[in-house]
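Grab a pencil and work through these exercises with the model open beside you. Try each task before you read its solution.

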Amino acid sequence: MLRLSWSLIAVGTLFVAVVIGVLVGPVPLRFGAIVSEMADRLPLVDLSSGLTEQQRAIVWELRMPRVVLAGLVGAMLSLAGAAYQGVFRNPLADPYLLGVAAGAGLGATLAITYLPSTTGWPIDPLPLAAFVGALVGVSATYVLGRAGTRSRTTATLILAGVAMASFFTAVQTYVLQRESDTLRQVYTWILGQLTTASWREVGLILPYIVLCSVAILLHRRLIDVIAVGDEEADSLGIETSRVRLFVVIAASLGTAAVVAVGGLIGFVGIIVPHTIRLLVGSSYRLVLPLSILFGAAFLILADLAGRIAIAPAEIPIGVITAFLGAPFFVFVLRRSRKLS
């Protein structure tokens, strides 16, 4: 009953966030017309929204791709954060804090700076470059956090992530200083931006997100066991190292894909999973699927706040999430210290 009720709440929250995200903009649209227009696209449904062709173009070519892209990015970052926290048994593990996002950012920066035009390429190399950087980042953090000790505590893992993120950022800054022609393009991307969102970006990252999300969700029961401890998991015949490696690769691939199109958007993987744990408990059988739904709704609303706060100008979405996430991170850190 708890799972069903919270699932309905999560679906309802996401639906409201999507409708509001499409509704709000410089061109006024009616709430009922938006709902009817969205319902009209469903199979076996035939409704007249009353929108003009120009208004339909605004909905489906401008606002809807941005809302869908924000939802996909938020869902993946939230799911990845929850997965990292489970397999590392660390409440502060997050794609941004573990060096994953910084590594992906460096990989994408190198691709933007040094690769020629990729217009005619059969496969976009940007997500691949970001993925390689993400794997290097999380691997280096994992190894560095384990150096000199047999276990990875909260402090050592986070400090290792901060160190690796600083290193990748330094390399990125050096590259940008030498290649100043791409400075504006890269920094606009770094701050997190969905202003140029289109269905092309949605189609680019959707296969990665679907594949990685399914892979992580299929391991949610095993993550529950690993979150208790490696010894308990080993006693049940679970190969913890293999499960951990598989989940980390899946979460890193998904993070790399969304970083490639959305930029460095931090703290989503901390805010959403921890809020869900406070509401429904710590079982990853609930936390992981709810992180997808609430993470999507959260980033859609965060992007909306960036759009309307200083309209007609926009605040980069990475700034919005950092503004919300910094105090939330302090709250989680203080709470984890009290529980330890």
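## Exercise 1: Around G133

Leaving out residues up to four places away in sequence, G133 touches G103 and A104, where contact means heavy atoms within 4.5 Å. Before going on, know what you're looking at: this is a predicted model, in which local features need pLDDT of at least 70 and side-chain atom pairs count only at pLDDT 80 or more, while totals for chains, interfaces and linings use all residues. Residues are numbered from 1 along each chain as its sequence is written, and side-chain values use heavy atoms, with hydrogens and water left out.

**Task.** Find the helix that holds G133, and decide whether G133 is buried or exposed.

**Solution.** 
- Step 1: G133 sits in helix α5 (residues 125–146). Helices here are DSSP runs (H or I, at least four residues; strands are E, at least two), numbered from the N terminus.
- Step 2: G133 has a relative accessible area of 11%, so it is buried. The cut-offs are under 20% for buried, over 50% for exposed, and partly exposed in between (1.4 Å probe, protein chains only).
- Step 3: For a sense of distance, go to L222, 89 residues from G133 along the chain; the two C-alpha atoms are separated by 27 Å.

## Exercise 2: A covered helix

**Task.** How many residues of helix α12 are buried, and which ones?

**Solution.** 
- Step 1: Helix α12 (residues 268–280) has 13 residues and reaches 18 Å from its first C-alpha to its last, close to the expected 18 Å at 1.5 Å a residue. The expected span is 1.5 Å times one less than the number of residues.
- Step 2: Of the 13 residues in α12, 10 are buried, which leaves the helix mostly covered.
- Step 3: Those buried are V268, G269, I270, I271, V272, P273, H274, I276, R277 and V280.
- Step 4: Just past α12, G281 takes a positive phi of about 105°.

## Exercise 3: Salt bridges

**Task.** How far apart in helix α3 are E53 and R56, and which residues belong to their salt-bridge network?

**Solution.** 
- Step 1: A salt bridge is a side-chain nitrogen of Lys or Arg within 4 Å of a carboxyl oxygen of Asp or Glu. The structure holds 9 of them.
- Step 2: The side chains of E53 and R56 form one, at 3.2 Å, N to O. They are 3 residues apart in helix α3, so about one helical turn separates them.
- Step 3: E53 is exposed at 61% relative accessible area, whereas R56 is partly exposed at 25%.
- Step 4: The network of salt bridges links E37, R41, E53 and R56.

**Task.** Which parts of the chain does the salt bridge between R66 and E314 link?

**Solution.** 
- Step 1: In this pair, the closest N and O atoms are 2.8 Å apart.
- Step 2: The pair links distant parts of the chain, 248 residues apart: R66 is in helix α3, and E314 is in the loop between α13 and α14 (317–339).
- Step 3: R66 counts as buried, at 10% relative accessibility, but E314 counts as partly exposed, at 34%.
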